[in-house]
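Biologist: Hello! Could you show me the model, so that we can go through it together step by step?

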Amino acid sequence: MRRIIFAAAAAAMAASLATTGAAAAAPITKTEHFSFISTSITGNTFSAIATGAFTAGGTANLPPGKGTLKFPGGTIKVTNKAGRVKSSFDAKTCLATSVQPGTFKVISGTGAYAGITGSGKYTAHFTEVAPTVAGKCSTKGNPVAVQAIISASGPVTLP
């Protein structure tokens, strides 16, 4: 009889632990911050850092309208919608700047990011120094230096 009671108590304790473990695995929603930086004149490849619900470093391929973030734990697919660009060019310093706001949506993930969802806003800052030809800024030819910095944030949910 004691064996049956002990076995029943052990089964009840195991069921309680299993239920507690399931509750601990509930989805987590937190604000995620993404930072993308590139110094390439052409292409859509960026260095990527994510902090918030998770922290990871990797790369991002961000062509207009869509993108893939690659981190050691898996990938995240996103879409984006760009807003109106505000640009300026200073002919005295040869500095061109553009700022573009927009929104993004997390579509899917693989590996550690399987089931991820979310959305948010971003701001893209593009800066370049134009070459000088015969003492004047030139809009022809490759820029002397280019920087693209995109900051994005919004709530994401990880299962």
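Biologist: Which residues have the most contacts inside the largest nonpolar core?

Modeller: This is a predicted model, where local features need pLDDT of at least 70 and side-chain atom pairs count only at pLDDT 80 or more, while totals for chains, interfaces and linings use all residues. Residues are numbered from 1 along each chain as its sequence is written, and side-chain values use heavy atoms, with hydrogens and water left out. A nonpolar core is a set of buried Ala, Val, Leu, Ile, Met, Phe, Trp, Tyr and Cys residues joined through side-chain atoms within 4.5 Å, and buried means under 20% relative accessible area, with exposed over 50% and partly exposed in between (1.4 Å probe, protein chains only). The largest such core has 24 residues, and the ones with the most contacts inside it are Phe 36, Phe 54, Phe 71 and Ile 76.

Biologist: Which element gives the largest share of this core?

Modeller: Strands here are DSSP runs (E, at least two residues) and helices are DSSP runs too (H or I, at least four), numbered from the N terminus. Elements that give two or more residues to the core include β1 (28–38), β2 (45–51) and β7 (95–109). The largest share is five residues, and it comes from β11.

Biologist: How many helices and strands does the protein have?

Modeller: Read from the N terminus, the order is α-β-β-β-β-β-β-β-β-β-β-β. That comes to one helix and eleven strands.

Biologist: How many bridges join β4 to β5?

Modeller: Two strands pair if DSSP finds at least two bridges between them. Strand β5 covers residues 74–82 and runs antiparallel to β4; the bridges between them number six.

Biologist: Which residue in the turn between β3 and β4 has a positive phi?

Modeller: Strands β3 (residues 56–61) and β4 (residues 66–71) run antiparallel and are joined by three bridges. Asn 61 has Thr 68 in β4 as its bridge partner. The two strands form a hairpin with four residues between them, and the turn residue with a positive phi, about 90°, is Gly 65.

Biologist: Is Thr 127 buried, exposed or partly exposed?

Modeller: Thr 127 sits in strand β8. Contact means heavy atoms within 4.5 Å, and beyond four places in sequence Thr 127 is in contact with residues including Leu 95, Ala 145 and Gln 147. Leu 95 is 32 residues away in sequence, yet the C-alpha atoms are 7.2 Å apart. Because its relative accessible area is 29%, Thr 127 counts as partly exposed.

Biologist: Is Ser 138 buried or exposed?

Modeller: Ser 138 lies in the loop between β10 (136–137) and β11. Apart from neighbours within four places in sequence, Ser 138 is in contact with Ala 130, Pro 131 and Val 133. Its relative accessibility is 13%, so Ser 138 counts as buried.
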